[in-house]
Amino acid sequence: MINKFTCVDDIGDIRSAVEEALEIKRDRFAYTELGRNRTLLMIFFNSSLRTRLSTQKAAMNLGMNVIVLDVNQGAWKLETERGVVMDGDKPEHLLEAIPVMGCFCDMIGVRSFAGLTDKKADYEERVIKQFIKYSGKPVFSMEAATRHPLQSFADLITIEEFKTKSRPKVVMTWAPHPKALPQAVPNSFAEWMNRTDYEFVITHPEGYELDPKFVGRAKVEYDRDKAFEGADFVYAKNWSAYADPNYGKVLSIDPRWTVDSAAMALTDNAYFMHCLPVRRNMIVTDEVIESDRSIVIPEAANREISAQTVIKRLLESMK
Ligand code: CP
């Protein structure tokens, strides 16, 4: 029974979660009565393609009605911090907006990225925690400041579908990007991989160390070529620096970290993964992402399945 989903702990045993997800994938319309006359409100503070489409589709598969609110397009701009004198461009506070939103739905999905200017605020997950506290409804993350659990769950399902060894070697590699990106995807991927018995390696340039809480048992290897040796899955992602004093900064756009065919040749014919959107020829070359070992599209498709599994569990808890 769950009434929120913000991290791997909320899904419980990952083996049974994957089994349930694969059962849903075999017949995604088996539970169309579960969500009848229930409304999901999806709230986006940030842009999205996959999360928006897959989560809405997942909810509709379960018979739910769906309302989508883009907070920064058409709604009042929201103040998120308490104690602020609201004399600027934000006419409404989250503390009123959240309970009002709760009046019009049975469940809330929230996307709210890290601001990358205040590490403490980001890592306290202030926005999604306010939704959990004040909405009075089950809340799930559609990517919060420090985690993207629906993505990681879809990644895990994808690896389970494609793996040919019981304990594959999974390598998460940093790759260059022109803008500062949050650590939510790599944090979350590491958190989920640490729940498996896979061999799990993280490789990145010095200065890009993630929060040790997420790194967990992973082996950190600064030599990317060495990390790629024998890999069965290469999971590429950019992230900005976590460590002080460089929190949220871009320290490098070194093109030697772009995932190219030469790097993939070091692996055991690894599958290439990325959560998307991806900047071609920054993160990964055209050749690699278009190769027959690239599984970015089935990975994205599994976002519907991870979302449906989570929403189904939340609905079952409401009965
Ligand atoms: N991977 C992912 O979350 O994609 P969107 O940002 O397009 O939702």
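In what order do the five strands of the open sheet with parallel pairing that includes β10 and β12 stand? The answer is in point 3.

1. Ground rules. This is a predicted model: local features need pLDDT of at least 70, side-chain atom pairs count only at pLDDT 80 or more, and totals for chains, interfaces and linings use all residues. Residues are numbered from 1 along each chain as its sequence is written, and side-chain values use heavy atoms, with hydrogens and water left out.

2. Domains. The protein chain splits into domain 1 (4–147 + 303–317) and domain 2 (151–299). These bounds come from an automatic or database domain assignment. The C-alpha centres of the two domains are 25 Å apart. Across the boundary, 31 residues of domain 1 are in contact with 32 residues of domain 2. Contact here means heavy atoms within 4.5 Å.

3. The sheet with β10 and β12. The order is β10-β9-β8-β11-β12, an open sheet of five strands with parallel pairing. Its edge strands are β10 (219–220) and β12 (271–273), and each pairs on one side only. Strands are DSSP runs (E, at least two residues), as are helices (H or I, at least four), numbered from the N terminus. Two strands pair if DSSP finds at least two bridges between them. Strands β8 (residues 169–174) and β11 (residues 233–237) run parallel and are joined by five bridges. There, W174 stands opposite K237 in β11.

4. The sheet with β1 and β3. Five strands make an open sheet here, in the order β1-β7-β6-β2-β3, with parallel pairing. The edge strands are β1 (4–5) and β3 (65–70), each pairing on one side only. Strand β2 (residues 39–44) runs parallel to β3, and six bridges join them.

5. The ligand shell. Which residues are around the ligand? They are S48, L49, R50, T51, R111, H148, Q151, C275, L276 and R303. By class, the shell has three nonpolar, four polar and three charged residues. Ala, Val, Leu, Ile, Met, Phe, Trp, Tyr, Cys and Pro count as nonpolar; Asp, Glu, Lys and Arg as charged; the others, Gly among them, as polar. Why does the ligand lie between the domains? Domain 1 and domain 2 both give residues to the shell, so the ligand lies between them.

6. A polar contact is a pair of N or O atoms within 3.5 Å. A polar side-chain atom of H148 is 2.8 Å from an oxygen atom of the ligand. L276 uses a backbone N or O atom, 2.8 Å from a nitrogen atom of the ligand. In R303, a side-chain N or O atom lies 3.1 Å from a ligand oxygen atom. Taken alone the ligand exposes 250 Å², and the protein buries 93% of that. Areas follow the Shrake-Rupley method with a 1.4 Å probe.

7. Backbone points to check. Most residues other than glycine have a negative phi, and most peptide bonds are trans. The peptide bond from L276 to P277 is cis, with omega near 5 degrees. P277 sits in the loop between β12 and α11 (286–289). The bond from D244 to P245 is also cis, with omega near 5 degrees. P245 belongs to the loop between β11 and α10 (261–264). N37 is not a glycine, yet has a positive phi of about 65 degrees. Its place is the loop between α1 (14–26) and β2.

Terms used: Near = heavy atom within 4 Å. Polar contact = N/O pair within 3.5 Å; in protein donor to acceptor, adjacent residues only side chain to side chain.
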